[in-house]
Structures are given as C-alpha cells and as structure tokens.
Amino acid sequence: MLGWMILVYPKSNEDAKLASWEVGVSGQRWLDDLVAEGKAVKLNGNGYPTRYEARAADVLPLVESGNVAPPNNKPWNPMGEIKLQPERIAATSPDQVLVIDAWDQS
C-alpha cells in the first residue's frame, strides 16, 4: 500500500493514543497546511516517522470530524475508519501539545 499510518497522541504520554488511521499518498498534506499556517511544527520528515507537533485545538476538531477538511479546503478522506479514543480526547486540554506521526506505508 502506498500511503501513511497516522497516529495522534499527547506529547507528554506516547502510550495514550488519541486517534489512528491510514491514508493515501497525499494524506499528510493537511499537516503541512497547518505548518504553513503556523499552527504546527514539522520536527522531521523521513517517513519513519514524519513527526509534527500542534495544539489539540488545531488538530482534534479536524480528526473528530471523520472527514478531515484541511485548512485550505482541499478534499481529504481517510482510507478506512478513524479509530478514536473518545474518553482520552475529552480529557485533552485544547492547549495540550500533540504529536502527530505519519509512518510511511510504502
């Protein structure tokens, strides 16, 4: 499969995964859009993983929508179901820093 496995978790606790899903080749572009808007930081980009950090307030609404629309409104859909952890998401402060890992699946 060509694409990415996306994992979202609090920076303070990598074991407390908030969400995960698989996407196609361009499925991490919404993260690059957040970086361009100054709402996320790209920490590395080698795909093993490509790692970003962003505030929960900027990421979780996009993830929870189930049909993520990036800030530039380009269409984007996950390949399959987004696996959410609702209790963990509800307990996450909007200002909490999240780590978003995009693992290359090629």
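This passage describes the overall fold of a predicted protein model and the setting of its helix 1.

Residues are numbered from 1 along each chain as its sequence is written, and side-chain values use heavy atoms, with hydrogens and water left out. In this predicted model, local features require pLDDT of at least 70 and side-chain atom pairs count only at pLDDT 80 or more, whereas totals for chains, interfaces and linings use all residues.

The protein contains 3 helices and 6 strands, taken as DSSP runs numbered from the N terminus (helices: H or I, at least four residues; strands: E, at least two). From the N terminus, these elements follow the order β-β-α-β-β-α-β-α-β. Of the 106 residues, 42% are buried, that is, under 20% relative accessible area with a 1.4 Å probe and protein chains only. The accessible surface (Shrake-Rupley method, 1.4 Å probe) amounts to about 5700 Å², with 49% belonging to carbon and sulfur atoms. Among contacts (heavy atoms within 4.5 Å) between residues at least 6 apart in sequence, 66% join residues at least 24 apart.

Helix 1 spans residues 29-36, and its buried residues are W30, L31, D33 and L34. These residues lie on the same side of helix 1 because they cover an arc of only 155° around the axis, the arc being that of the directions from the helix axis to the C-beta atoms. The face turned away from this buried side carries R29 and A36, which are exposed (over 50% relative accessible area). The cover over the buried residues of helix 1 includes strand 2 (19-23), strand 3 (40-45), strand 4 (50-55), helix 2 (56-64) and strand 6 (97-104). Just after helix 1, G38 adopts a positive phi of about 80°.
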